[in-house]
Amino acid sequence: IEKGHQQTVRFHVDDLKSSTLETTVHDEFAQWLEQKYGSVSPVKVHHGKVHEYLGMTFDYSKPGKVIVDMRDYVNGMLDEFSIQFGPDETMPTPASENLLSPSTGTPLDKARKEEFHTFVAKGLFVCKRARPDIHPAIAILCSRVKAPTESDWEKLVHMMKYLNGTRQDVLTLSADSLTRVMWWVDASFAVHPDMRSHTGAVMSMGNGALVSMSRKQKLNTRSSTEAELVGVDDAMNLILWTKLFLEAQGYNVASNVLFQDNKSAILLEKNGKKSSSSRTRALNIRYFFVTDQVEKGNLTIEYCPTDEMLGDFMTKPLQGSKFSFFKSRLMGNDEWVPVTRKKRTGRSVLEKIHSARTPGT
């Protein structure tokens, strides 16, 4: 705490990003750094509403919003790729419907195997920061880097063509409230060749995905309800860490909401073993950790219609209008996306969130 306000400093080796409401603290901090390390190398300081940090450009010039721009990074990826695409060589989505199918064809030679690994790693870097729309494709490609085949190479080329057509995309983030966190967690049941399911999670505080997860589950489940329960357990570390992080920044998180579209899973998560049937009796007790957190008040669980489940985007290669609908929400492209399905009350989950916004934010 400096001069009555908290100063937060993010460190990445020798790259620092400092934030505080008291601007003179930045100047004093920069002077201290120069005195301490200036003899090794001059300390370069940048002030203003646009900052470059670790391959990202943060643009704070629009009130209430931050734009996370990695267009230069994506352009660099495309320029370095061994296949050069023309302006019309694009794909409407990052992956086709066969994304989850097993690897087929001959193994890649050493040079292409290394290139495959390099560009999957680059894609992983960008999808975690500014391009959550390619996260599901990257999650699957990451599992193929040890022994990629021709079919895996085709899937990488497909994703690169999609990036070629979306070079100008940026992530726009805004918050309706700094005390309300929203998580959408979903699971696709038995979609992998070994019959394991896939977890998808998205976190937002208003517009745009602040955090996303796309991950193959580590055990086989016997029903979609079990897969949903395991999916929530996969995301719990992030759900709880985010709340603690915001509270460490001085914000009292009054509402940490987990949205799900499976009512049976919601009952199990709220009631634990008390709602368990013969089909779920064999589930390890650790998958009811969420029940303890609900009882402690660290999160609440609410139903979300499947058509509005943002986590679904991270569980499978969506196509067509559904891909476009969810992408606009994830990337923060629209102020608000029209709902596609009403609850029995006549108001959707997204409408209720929208109506709770603070006027003028």
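Biologist: How do the axes of helix H6 and helix H8 cross?
Modeller: Helices are DSSP runs of H or I with at least four residues, numbered from the N terminus. Axes are lines fitted to C-alpha atoms over the stretch in contact, with angles from 0 to 180 degrees between N-to-C directions. Here the axes of H6 (residues 224–248) and H8 (residues 289–296) come within 10 Å and cross at roughly 40 degrees. H6 and H8 are therefore oblique to each other, the class left when angles under 35 degrees are roughly parallel, over 145 roughly antiparallel and 65 to 115 roughly perpendicular. This is a predicted model: local features need pLDDT of at least 70, side-chain atom pairs count only at pLDDT 80 or more, and totals for chains, interfaces and linings use all residues. Residues are numbered from 1 along each chain as its sequence is written, and side-chain values use heavy atoms, without hydrogens and water.

Biologist: Which residues of H6 and H8 meet?
Modeller: Contact means heavy atoms within 4.5 Å. Val232, Asp233, Met236 and Leu240 of H6 meet Phe289, Val290 and Gln293 of H8.

Biologist: How many disulfides are in the structure?
Modeller: A disulfide is a covalent bond between the sulfur atoms of two cysteines; the cut-off is a sulfur pair within 2.5 Å. The whole structure has zero. The cysteine sulfur closest to that of Cys127 is in Cys142, at 7.3 Å, too far for a bond.

Biologist: Is Cys127 buried or exposed?
Modeller: Buried means under 20% relative accessible area, exposed over 50%, partly exposed in between (1.4 Å probe, protein chains only). Cys127 is buried at 1%, whereas Cys142 is partly exposed at 29%.

Definitions and conventions:
Helix = DSSP H or I, 4+ residues; strand = E, 2+ residues; numbered from the N terminus.
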